[in-house]
Structure formats: structure tokens, C-alpha cells
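Dear colleague,

Please find below the structure that I am handing over to you. My notes on what was found in it follow directly after.

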Amino acid sequence: MIIIKTKREIDKMRNAGRLVGKTHDFLKKLIVPGITTKELDKAAEEYIISHNGIPAFKGYHDFPSSICTSVNEEVVHGIPGLKKLKNGDIISIDIGTIVEGYCGDGAVTYAVGDISSEAKRLIKVTEKSFFEGIKFAKKGNRLSDISNAIQNYVEKNGFSVVRDFVGHGIGQKMHEAPEIPNFGPPGLGPRLTPGMILAIEPMVNQGSYHVKILEDNWTTVTVDNKLSAHYEHTVLITDGEPELLTVV
Ligand code: MG
């Protein structure tokens, strides 16, 4: 069942979302060659807690860290560790917060130092695919109109959309109905209704869309070892344009 949020709940979701946006703004300045993903995790955790939030991912199904850090061929759910970022890497950072019992969720892929033009293009196409998708995040459309627009844009640009992970509804729980694939035909699924809040999150691979999960049971990588990028906002369906909640 898709939970339609009340005005009071939407205000709380705005607060949780804004903290996700602020944490991204804070973290992106720290992303330089030589920093470890664990140091980024610690900085994010302290930032979220000092702004009256709870890091939503820590302990979620036993995930050990406050943020997910997925480097290069890692797609999602990378666990922060002692490896140092190098010039030319790309890093996807996924941040979840809980503020007054409501969740926010947002991911961005960042460049570490100078990256290749193909890596830049991958990041750009991934971000743009999200915005192509939310052109359809309007009252009365079907959910899969968003999915289809994302897939079309990504494939037109020669990249592929991950099939094994999808976006999701979000509210008091981090993952609520509906599931939101980033692929598939248009015209299917529930009709979008004001008060729905959706975490829309294209995961885009440079090569094939096939992924696998490593032995740590979390880190997901591309099977062909090529790069992957991620872009996510928590999005409110309104009577007019969709509202991005995970922005400052
Ligand atoms: Mg998400």
C-alpha cells in the first residue's frame, strides 16, 4: 500500500530531506585524493547527529556504516573502509537520515580530482536521466512513465540501467511501497497522487547492466568491472511540479 502523506508529515519529510542535502554539501568538500571512505563516513555521521538527525543506514539490516560509499565499479552499498581515494576515481555517496521519525534518502556520484571525460559523461547522463524521469512525476501519470523516461535517456546515451536495484516509496520507513524500477514500458503501475513521496534513484553502468554482490553481502559491483554512477532524490508528488526534498 502506498502511504499518502499528510501536510504535517510532508513538513517532517522536508526536514529529513534537507538534512540529506546539507550533508551532501558538507561532504563533497572533503572528497579529495588521499581521504579514506571511512573518514567520509565518520564526518557524515558527526554532521547528521550534530544536526539532530539519525544516520538511517547505520544498523539497517545490520549495515555497519552511516553512509554508503561506492567507488568506480562499485554500484551501490559500498561499505566505508581504509582504502584511500585516488585522483581519477569516482565515488557514489548515498546518505539516509531520520529526523523526528521521518526519513530522507539521496545519492550523488562525485569526481575525485580530475576524472576521464567518459567518467564525467557517465555522471552527467545519470543525473540528467533522473531529471528526464521526474518530468513525468506528475499527478495522474503512471509510475512507470518515470521508469521508462529514465531508461530511454540512459540507453540513448550508450549506457545501461541496473535492473537488480530499484527506487522506492519512503516515509516513516526508509523503504515503502511502491518499488520504482529505472526501466520498463510506460503506462503501468499506480497513478501518481499528490502526497506520495518517492526516492527515485537511477543506477547507471558504463558497460552491461549486470551486477553482483561481493562476499561482504553488501558491496555491489559491475560484473564487467566498468564504472557505475548513482543519482537519487526524495521527491514529493504535488498538484503541480514535483518537489525535491533532498536539497538544501
Ligand atoms: Mg534509496
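**Helix H3 and the cores**

In helix H3, the buried residues are Ala119, Leu122, Ile123, Val125, Thr126, Ser129, Phe130, Glu132, Gly133 and Ile134. Please note that the model is a predicted one. H3 covers residues 117-134, which is 18 residues, and its span from first to last C-alpha is 26 Å, close to the 26 Å expected at 1.5 Å a residue.

The largest nonpolar core comprises 48 residues. Within this core, the residues with the most contacts are Leu27, Ile31, Leu40, Leu85, Ile91, Ile93 and Ile200. At least two core residues come from each of the helices H1 (7-28), H2 (37-50), H3 and H4 (143-156), and from each of the strands S2 (67-71), S4 (90-99), S5 (102-111) and S9 (197-200). The element that gives the most to this core is H3, with 6 residues. Another core lies apart from it and has 15 residues, among them Phe57, Cys68, Cys103 and Ala199.

Leaving aside residues up to four places away in sequence, isoleucine 91 touches Ile31, Thr37, Leu40, Thr69, Ser70, Val71, Leu85, Val108, Thr109, Tyr110 and Val112.

**The magnesium site**

Which residues coordinate the magnesium ion? The ion is held by Asp105 through OD, His168 through NE2, Glu201 through OE and Glu232 through OE, at 2.1 to 2.4 Å. Along the chain, these donors follow the spacing D-x62-H-x32-E-x30-E. Aspartate 105 belongs to strand S5, and glutamate 201 to the loop between S9 and strand S10 (203-205), so this pair ties together parts that are 96 residues apart in sequence.

Are aspartate 105 and glutamate 201 buried or exposed? Aspartate 105 has a relative accessibility of 2% and therefore counts as buried. Glutamate 201 also counts as buried, because its relative accessibility is 7%.

**Methionine 174**

Methionine 174 is located in the loop between strand S7 (167-169) and S8. Its relative accessibility is 4%, so methionine 174 counts as buried. Again leaving out residues up to four places away in sequence, methionine 174 touches Ala56, Phe57, Tyr60, Gly96, Thr97, Cys103, Gly104, Asp105, His168 and Gly169. Two of these contacts, Asp105 and His168, are also residues that coordinate the magnesium ion.

**Backbone features**

- Alanine 177 and proline 178 are joined by a cis peptide bond, with omega about 0 degrees. Proline 178 is part of strand S8 (residues 176-180).
- Aspartate 62 is a residue other than glycine with a positive phi, near 70 degrees. Aspartate 62 sits in the loop between strand S1 (54-55) and S2, and it counts as exposed because its relative accessibility is 66%.
- Asparagine 225 likewise has a positive phi, near 70 degrees, and is not a glycine. Asparagine 225 is found in the loop between strand S12 (220-222) and strand S13 (228-230). With 56% relative accessibility, asparagine 225 counts as exposed.

With kind regards

Methods
Residues numbered from 1 in each chain as written. Predicted model: local features only at pLDDT ≥ 70, side-chain atom pairs only at ≥ 80, totals over all residues. Heavy atoms only, no water. Helix = DSSP H or I, 4+ residues; strand = E, 2+ residues; numbered from the N terminus. Expected span 1.5 Å × (residues − 1). Buried < 20%, exposed > 50% of the residue type's maximum accessible area, 1.4 Å probe, protein only. Core = buried A, V, L, I, M, F, W, Y, C linked by side-chain atoms within 4.5 Å. Contact = heavy atoms within 4.5 Å. Donors = N, O, S within 2.8 Å, 3.2 Å for Na, K, Ca; no water.
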